Amino acid sequence: MKLYKVTLKGMTYSCNGTAYGISYVVAENPDIAYKKIREFLDKNDLGFPRERELDKIELLAEDYQYTNTGCILYL
């Protein structure tokens, strides 16, 4: 498994709640990471469709000792 930081095009800050546009997701690959977030936002009708679009995905850690990320993900 891998830990990803997923940033969307909108909802990246909030004055009094959750900033849904920046999320940390444990998933097997980047496609699944974004899909998890997108399904949650669509189901709960959060933000506008254009704000739910993907901006970037960053790999932060892996549950593998010899990872190139420099960080091990402990599950």
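Me: How many salt bridges does the structure hold?
Reply: The structure is a predicted model. A pair counts when a side-chain nitrogen of Lys or Arg comes within 4 Å of a carboxyl oxygen of Asp or Glu. The number of salt bridges in the structure is 6.

Me: Which parts of the chain does the salt bridge of Glu62 and Lys2 tie together, and how many residues apart are they?
Reply: The side chains of Glu62 and Lys2 meet at 3.8 Å, N to O. Glu62 belongs to strand β3 and Lys2 to strand β1, so the contact ties together two parts of the chain. Their separation in sequence is 60 residues.

Me: Is Glu62 buried or exposed?
Reply: The cut-off for buried is a relative accessible area under 20%. Glu62 has 16%. Because that value falls under the cut-off, Glu62 is buried.

Me: How far apart in helix α1 are Glu39 and Lys35?
Reply: Glu39 and Lys35 form a salt bridge, with 4.0 Å between the closest N and O atoms. Glu39 is partly exposed, at 45% relative accessible area. Both residues lie in helix α1, about one turn of the helix apart, a separation of 4 residues.

Me: Which residues do salt bridges that share partners join into one network?
Reply: Asp42 and Arg38 meet in a salt bridge at 3.1 Å, N to O. They are 4 residues apart in helix α1, about one helical turn. Through shared partners, the network consists of Arg38, Asp42, Asp45 and Arg52.

Me: Where is Asp45 found?
Reply: Asp45 has a positive phi, near 50°, in a residue other than glycine. It is exposed, with a relative accessible area of 60%. Asp45 is found in the loop between α1 and β3.

Me: Met11 also has a positive phi; is Met11 buried or exposed?
Reply: Phi of Met11 is near 60°, and Met11 is not a glycine. The residue has its place in the loop between β1 and β2. Its relative accessibility is 16%, so Met11 counts as buried.

Me: Which strands stand at the edges of the sheet?
Reply: The sheet is open and has 3 strands in the order β2-β1-β3, with antiparallel pairing. A strand at the edge has a single partner strand, so one of its sides is left without a neighbour in the sheet. The edge strands are β2 and β3.

Me: What is the average twist from one strand to the next?
Reply: The order of the open sheet is β2-β1-β3. From one strand to the next, the twist averages 25°.

Me: How many bridges join β1 to β2?
Reply: β1 and β2 run antiparallel. Across this pairing, Tyr4 stands opposite Val25 in β2. The number of bridges joining β1 to β2 is 6.

Me: How many residues apart are the members of the aromatic pair Tyr20 and Phe40?
Reply: A search of the whole structure finds 2 aromatic pairs. In one of them, Tyr20 and Phe40 are tilted, at 6.2 Å centre to centre and 35° between the planes. This pair links distant parts of the chain, with Tyr20 in the loop between β1 and β2 and Phe40 in helix α1, and their separation is 20 residues.

Me: What is the geometry of the pair Tyr64 and Tyr66?
Reply: The ring centres of Tyr64 and Tyr66 are 6.0 Å apart. Tyr64 is partly exposed at 45%, while Tyr66 is exposed at 59%. The ring planes stand at 75°, over the 60-degree cut-off, so the geometry is edge-to-face.

Me: Which residue lies over the face of Phe48?
Reply: A charge sits over a ring if NZ of Lys or CZ of Arg is within 6 Å of the ring centre and within 35 degrees of the ring normal. For Phe48, the distance from the ring centre is 5.0 Å, and the residue over its face is Arg50.

How values were computed. Residues are numbered from 1 along each chain as its sequence is written. This is a predicted model: local features need pLDDT of at least 70, side-chain atom pairs count only at pLDDT 80 or more; totals for chains, interfaces and linings use all residues. Side-chain values use heavy atoms; hydrogens and water are left out. Rings of Phe, Tyr and Trp (its six-membered ring) pair if their centres lie within 6.5 Å; planes under 30 degrees apart count as stacked, over 60 as edge-to-face and the rest as tilted. Buried means under 20% relative accessible area, exposed over 50%, partly exposed in between (1.4 Å probe, protein chains only). Two strands pair if DSSP finds at least two bridges between them. Axes are lines fitted to C-alpha atoms, for helices over the stretch in contact, and angles run from 0 to 180 degrees between N-to-C directions.
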